[in-house]
Every structure is written in structure tokens, then in C-alpha cells.
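Subject: Structure handover

Hello,

Here is the structure I said I would pass on. Please open it alongside this message; my notes follow below.

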Amino acid sequence: MVGVIRKREEAVKRDLLLALGQAWADATGESIDNAVMALIAVPGYQALKNGALLGEAEDDHLMKL
């Protein structure tokens, strides 16, 4: 499984990846040991939501998404 996210701090990416792996294991009943996952971080301007380019993740508190 591959997830594309906006650029984040390393600790946030690690926590997110572990949480996604556990959610996958919970949903499928498979062991997390059978999961292969990766995150690809992109700048906000390379992501589109509701027809608008996104800002950087660290700026989310400044705008309404």
C-alpha cells in the first residue's frame, strides 16, 4: 500500500505509518507483519482538494480546508 501525503515531520510520518499498518491489520484480520506500506511526501502545491491547490501541512491552522 502506498499513501501520498503532504510533507510532514519525520516523527509524524512514522506515527502515521504505524497507525495505518495497525488499521490495516485490524480491518483485514491479517498480521501487521504481512503489511508492506510506504508514504510519499509531496509539497502542498502538488495536492488538490475541492479544486484548489493545498498549502503546506504546517500551515493548516491558518486556513480552512
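This is a predicted model: local features need pLDDT of at least 70, side-chain atom pairs count only at pLDDT 80 or more; totals for chains, interfaces and linings use all residues.

Overall layout

The chain has one helix and four strands. Along the sequence, they follow the pattern β-α-β-β-β. The radius of gyration is 14 Å, well over the 11 Å that the globule rule gives for 65 residues, so the chain is more spread out than a compact globule. Along the principal axes, the C-alpha atoms fill a box of roughly 40 × 25 × 20 Å.

Of the 65 residues, 18% are buried. The accessible surface of the chain is about 4900 Å². Carbon and sulfur atoms hold 57% of that surface. Take the contacts with a separation of 6 or more: 50% of them join residues 24 or more positions apart.

Helix 1

Helix 1 runs over residues 10-28, which is 19 residues. From its first C-alpha to its last, helix 1 reaches 27 Å. That is close to the 27 Å expected at 1.5 Å a residue.

Which residues of helix 1 are buried? They are Lys13, Gly21 and Ala25. These residues cover an arc of only 105° around the axis, which puts them on the same side of helix 1. Asp15, Asp26 and Ala27 are on the other side, and they are exposed. The cover over the buried residues includes strand 1 (2-6) and strand 2 (38-42). After helix 1 comes Gly29, with a positive phi near 80°.

Lys13 is in helix 1. Why does Lys13 count as buried? Its relative accessibility is 18%, and the cut-off for buried is under 20%. The Lys13 side chain also makes a polar contact with the side chain of Glu10, at 2.9 Å. Not counting residues up to four places away in sequence, Lys13 touches Ile5, Arg8, Leu39 and Ala41.

Leu16 is found in helix 1 too. At 31% relative accessibility, Leu16 counts as partly exposed. Leaving aside neighbours within four places in sequence, Leu16 is in contact with Ile5 and Leu39. Ile5 and Leu39 are also among the residues that Lys13 touches. Leu16 and Glu30 are 14 residues apart along the chain, and their C-alpha atoms are separated by 19 Å.

Gly3

Gly3 sits in strand 1. With neighbours within four places in sequence left aside, Gly3 is in contact with Ala38, Leu39 and Ile40. Those positions fall in strand 2 (38-42). Gly3 and Glu30 are 27 residues apart in sequence. From C-alpha to C-alpha, Gly3 and Glu30 are 19 Å apart in space.

Ile32

Ile32 belongs to the loop between helix 1 and strand 2. Is Ile32 buried or partly exposed? It counts as partly exposed, at 36% relative accessibility. What does Ile32 touch, not counting residues up to four places away in sequence? The list is Leu18, Gly21, Gln22, Trp24 and Ala25. Two of these, Gly21 and Ala25, are buried residues of helix 1. Ile32 and Gly21 are eleven residues apart in sequence, and 6.1 Å apart in space from C-alpha to C-alpha.

Asn50

Most residues other than glycine have a negative phi. Asn50 has a positive phi, near 50°. Asn50 is also exposed, with a relative accessible area of 75%.

Those are my notes. Please have a look and send me yours.

Best wishes

Methods: Residues are numbered from 1 along each chain as its sequence is written. Side-chain values use heavy atoms; hydrogens and water are left out. Helices (H or I, at least four residues) and strands (E, at least two) are DSSP runs, numbered from the N terminus. The expected span of a helix is 1.5 Å times one less than its number of residues. Buried means under 20% relative accessible area, exposed over 50%, partly exposed in between (1.4 Å probe, protein chains only). The arc is that of the directions from the helix axis to the C-beta atoms. Contact means heavy atoms within 4.5 Å. The radius of gyration is taken over C-alpha atoms; the globule rule is 2.2 Å times the number of residues to the power 0.38. Accessible areas come from the Shrake-Rupley method with a 1.4 Å probe; for residues, only the protein chains shown count as cover. A polar contact is a pair of N or O atoms within 3.5 Å; within protein, one must be able to donate a hydrogen and the other to accept it, and residues adjacent in sequence count only if both atoms are side-chain atoms.
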